[in-house]
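Morning, everyone. Please bring up the sequence and the model, and keep both in view while I talk.

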Amino acid sequence: MDRYILIIACVLRVVRCYSSGEVTEACDDMAPQHFVTAQTSPAPFSVTADRSSFKEGDEITVRLIADSTPFIGFMLQARAVNGSSPVGVFTVTGGEAQLLTCNGQPSAVSHTSASAKLSIQGTWRAPTSDDFNSIQFIASFVIDFSTFWVGVRSYPVTFSGTAATPANSTSIPITSTTSASSTAVFPSQSSLSISSAGCGSSKVCFRQPLNCDPGVSPDCYFLSTMTSTRDTAIHLEMNGPSDGYIAIGFSDDQMMGSDDIFICGRDSNGIIQLQHAYSTGRRRPDIVPLGNVSDVKSSMKDGIISCSFMTRNPISTRRSVRSSCPYYLMFAHGPTSNGEIGHHTSTFISDTKMDISRPRVVTNAIQPLIKAHGALMLIAWMTTGSLGMITARYLKEKECWQDVWFLAHVFLMTLTVAATTIAFILSFSHVRGWSGGAHPVLGCVVMILAFFQPIAAMFRCGPQRRWRILFNWSHALNAVAIKVLAVAAIFTGLSLIDSSEDKWLLKVMGGFVGWEASVYILLDVHMRCKRSDNEEGASESACKALLLLVLFFLGNVAFLVALLVGIGMS
């Protein structure tokens with residue numbers, strides 16, 4: 001019997017129960033003692049404080065918030081930035097959580113419950129010590145036994161010997177200038193000068209179009225970062241034409257969500273203000289305390305917003321809270337309404353992650369899905385669609401094409417609608433929402449009209465019916481409308497991705513449209529001359545029409561290849 005007892009004692013795992021959630025063994029690593037590895041994906045939770053600075057003895061209310069998935073357990077501590085030990089003292093006013101003693105004092109809060117929660121809050125009292133410059137609130141969240149996140153951080157809260165800054169003081173109004181023609185009135189101040197001097201040598205620069213200079217070009221969207229060699233300060237500049245706001249962001253990926261953002265835009269009174277924000281998912285970013293930001297300057301002149309400031313806040317994303325990590329750089333601009341930012345009109349994202357302490361010039365990244373979207377729309381409405389329309393208009397009257405033109409027309413237009421549908425799906429699957437500007441509006445109208453065009457053709461009446469002329473006219477006019485709108489959508493789309501200073505892609509597209517218009521005019525003149533000239537042979541007329549079609553096809557292929565190469569290199 002003793003032998004069996006010894007065997008059982010050796011193989012059984014020690015089980016410890018913490019029904020109150022008071023897991024003192026987790027004080028250091030803040031990990032649940034579940035013998036399971038924590039999740040490495042971005043946590044669907046956030047930690048916020050009700051102020052951006054504090055002094056000795058101040059109380060700060062801390063909130064733990066779930067984006068969508070509720071949590072059943074958590075652990076919360078306050079630590080000095082880059083520190084490893086909890087500081088300060090938490091207090092519990094209700095039965096929602098348990099104080100946890102770490103380092104001999106109640107410096108942590110934990111909670112485990114069968115009921116899931118979307119948010120909870122507690123109070124932290126600052127210690128009577130100034131051994132640190134700023135602190136962060138760090139939390140672990142538990143969804144179930146095997147699903148939990150460790151090390152979700154708040155924004156830094158700065159230690160100050162003066163009165164604390166309230167939470168709603170999250171923006172600093174900036175004295176701004178504007179031209180006399182502006183409808184809003186701003187206090188007078190000299191214009192802020194931002195230029196590309198030092199790009200690649202002393203600062204990181206990100207601009208659109210490529211190599212533009214904000215001091216010279218009024219259409220230049222510009223972002224620069226320069227780090228200090230003496231401390232953790234980062235000098236940021238941003239410039240660009242906008243009637244609402246411009247914003248810069250630091251991200252772990254090239255998609256919106258879990259990004260550290262600074263916004264420079266109009267408030268409800270038309271005054272330019274600087275705001276600090278954090279994006280959660282693909283909705284409007286949450287405004288957070290501005291933190292340790294100084295030397296704020298701005299100007300607004302002739303519709304161009306410029307901002308310059310110094311920040312000592314560590315860059316904070318879901319995966320890291322450091323200034324030395326590589327990040328993707330983001331630039332966005334859009335409208336404002338009563339001081340609130342609207343959906344961005346356009347965004348520019350760096351092609352690679354950047355270490356902002358190493359000066360270089362960053363290029364704009366265009367996602368493969370967007371390139372595929374643009375290529376398919378070009379093929380659809382500048383090649384197959386054009387050939388299908390020419391086939392229906394100019395070949396159905398040729399006797400030698402009587403048995404072929406309709407099949408060719410149906411085949412080409414089917415390819416056109418299919419390519420348009422695929423391109424439409426690709427764009428929405430990438431953006432996962434509605435983007436601002438004219439391009440998505442034009443694209444949606446084109447998609448709707450193109451979708452109903454073949455459906456209406458299937459239900460057309462017979463050739464000898466008296467109402468057939470209505471179908472012929474409506475079918476032709478709808479085709480022309482789709483063509484015009486598609487060309488407009490392509491122009492607006494190319495303007496979004498063309499990073500060249502001379503707008504090379506737009507010029508090639510202009511030549512493409514001019515080439516197509518010229519061939520249309522030649523074919524139309526040829527068709528009218530044939531009707532008025534009864535002596536011309538049918539075979540000779542068919543040969544001329546065929547020659548024009550071949551030239552049209554070759555020209556279209558040449559322009560199409562040039563545009564596709566340009567998109568691929570963008």
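Predicted model: local features only at pLDDT ≥ 70, side-chain atom pairs only at ≥ 80, totals over all residues.

Which helix holds Val550? It is helix 7, residues 538-569. Val550 has a relative accessible area of 41%, so Val550 counts as partly exposed.

Now inside. The largest nonpolar core has 29 residues. Met238, Phe262, Leu329 and Phe331 have the most contacts within it.

Next, charges. Side chains of opposite charge can pair when their charged atoms come close. How many salt bridges does a search of the whole structure find? Five. I will walk through some of them.

Lys203 pairs with Glu237, with the closest N and O atoms 3.3 Å apart. Lys203 sits in the loop between strand 12 (171-173) and strand 13 (204-208), while Glu237 sits in strand 15 (residues 234-241), so the pair ties together parts 34 residues apart in sequence. Buried or exposed? Lys203 is buried, at 8% relative accessible area. Glu237 is buried too, at 11%.

Arg284 forms a salt bridge with Glu340. The closest N and O atoms are 2.8 Å apart here. This pair links distant parts of the chain, 56 residues apart. Arg284 is in the loop between strand 18 (272-279) and strand 19 (286-288), and Glu340 is in strand 24 (residues 340-341). Arg284 is partly exposed, with 46% relative accessibility. Glu340 is partly exposed as well, also at 46%.

Then Glu516 and Lys483. Their side chains meet in a salt bridge at 2.8 Å, N to O. Glu516 lies in helix 6 (residues 504-532) and Lys483 in helix 5 (residues 468-497), so this bridge ties together parts 33 residues apart in sequence. Both Glu516 and Lys483 are buried.

Last stop: Thr61. Thr61 is in strand 3, residues 59-66. Why does Thr61 count as partly exposed? Because its relative accessibility is 24%, and buried would need under 20%. What does Thr61 touch, leaving out residues up to four places away in sequence? Thr48, Ala49, Asp50, Gln121, Gly122 and Thr123. Look at Ala49 in particular. Thr61 and Ala49 are twelve residues apart in sequence, and their C-alpha atoms are 5.9 Å apart in space.

Conventions:
Residues numbered from 1 in each chain as written. Heavy atoms only, no water. Helix = DSSP H or I, 4+ residues; strand = E, 2+ residues; numbered from the N terminus. Buried < 20%, exposed > 50% of the residue type's maximum accessible area, 1.4 Å probe, protein only. Contact = heavy atoms within 4.5 Å. Core = buried A, V, L, I, M, F, W, Y, C linked by side-chain atoms within 4.5 Å. Salt bridge = Lys/Arg side-chain N within 4 Å of Asp/Glu carboxyl O.
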